[in-house]
Amino acid sequence: MLGTVSRQLKSHPALVPLFVFIGGGMCMSGAYLVRLAFGPHVSWNRNGNPEPWNKTAPTEQHKFYAVNMDYSKLKKEGPDF
Amino acid sequence: MSDTVEKKIKNYRTAPFDARFPNTNQTRNCFQNYLDFHRCNKALSAKGQDVAPCDWYHRVYKTMCPMSWVAKWDDQIEAGSFPGKI
């Protein structure tokens, strides 16, 4: 199948940007999914690590881009127990 | 520590920003505070200490959570079928 595709691409070279952009888009969305999967948003191991979002410091930023939020001034709110 | 918590509870206006839950969907924030309230009660009363500091979590989840959810979870706790770990 790859042989057919590359043969057809050679005769229609204008299609190369199509592959570039579609491939780039797939890579970017996959990379974002992987970033979310490794972050503290999901609990993968219910017995070993049930609430990973509780293990992060109060000043840590999990969002990709935060507008108007000074993360350095935050502190833990509730009392310890 | 406890008198600053008392002061925080007295000056409570609304739930503060929680960096663990930065996005629009605050469902988990609500559930986490509900769980923390009950865990705090259980832990402090097991240690024999005053459970007044746990009121912070109570205020926060009352701010965040829909009343129907809180009522359902309270019923589940009484019936013993609450799915969260307390």
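Here are legends for a few close-up views of this predicted model.

**View 1. Chain B as a whole, built from helices.** Start by getting your bearings in chain B, which has four helices and zero strands. Follow the sequence along and you'll read the pattern α-α-α-α. The C-alpha trace of chain B spans about 35 × 35 × 20 Å along its principal axes.

View 2. On average, chain B gets a pLDDT of 90, and 98% of its residues score at least 70. Which helix of chain B has the highest mean pLDDT, and which the lowest? The highest belongs to helix H4 (residues 67-79) of chain B, at 96, while the lowest goes to helix H1 (residues 2-10) of chain B, at 80. As for the model, it comes with an ipTM of 0.76 and a pTM of 0.81.

**View 3. Helices H2 and H3 of chain B, passing each other.** Two packed helices are described by the angle between their axes and the distance between the axes. Here the pair is H2(B), residues 27-47, and H3(B), residues 55-64. Their axes come within 8 Å and cross at roughly 150°. Angles over 145 degrees count as roughly antiparallel, so that is how H2(B) and H3(B) lie to each other. The crossing of H2(B) past H3(B) is left-handed.

**View 4. The largest pocket, with residues from chains A and B close to its centre.** This pocket has a volume of about 650 Å³. Which residues sit closest to its centre? Of the 24 lining residues, they are His41(A), Ser43(A) and Trp53(A) from chain A, plus Phe21(B) and Arg28(B) from chain B.

**View 5. A closer look at the lining of the largest pocket.** What classes of residue make up the lining? Sorted that way, the lining has nine nonpolar, nine polar and six charged residues.

Key. Residues numbered from 1 in each chain as written. Chains lettered and ligands numbered in written order. Predicted model: local features only at pLDDT ≥ 70, side-chain atom pairs only at ≥ 80, totals over all residues. Heavy atoms only, no water. 1 Å grid on protein atoms, 1.4 Å probe; cavity = no way out; pocket = protein on both sides within 12 Å on 5 of 7 lines; lining within 4 Å. Points joined across faces, edges and corners; volume = space filled by probe spheres on them. Helix = DSSP H or I, 4+ residues; strand = E, 2+ residues; numbered from the N terminus. Nonpolar A, V, L, I, M, F, W, Y, C, P; charged D, E, K, R; others polar. pLDDT = per-residue confidence, 0-100. Axes fitted to C-alpha atoms, helices over the stretch in contact; angles between N-to-C directions. Parallel < 35°, antiparallel > 145°, perpendicular 65-115°, else oblique. Left-handed = near helix turned anticlockwise from the far one by under 90°.
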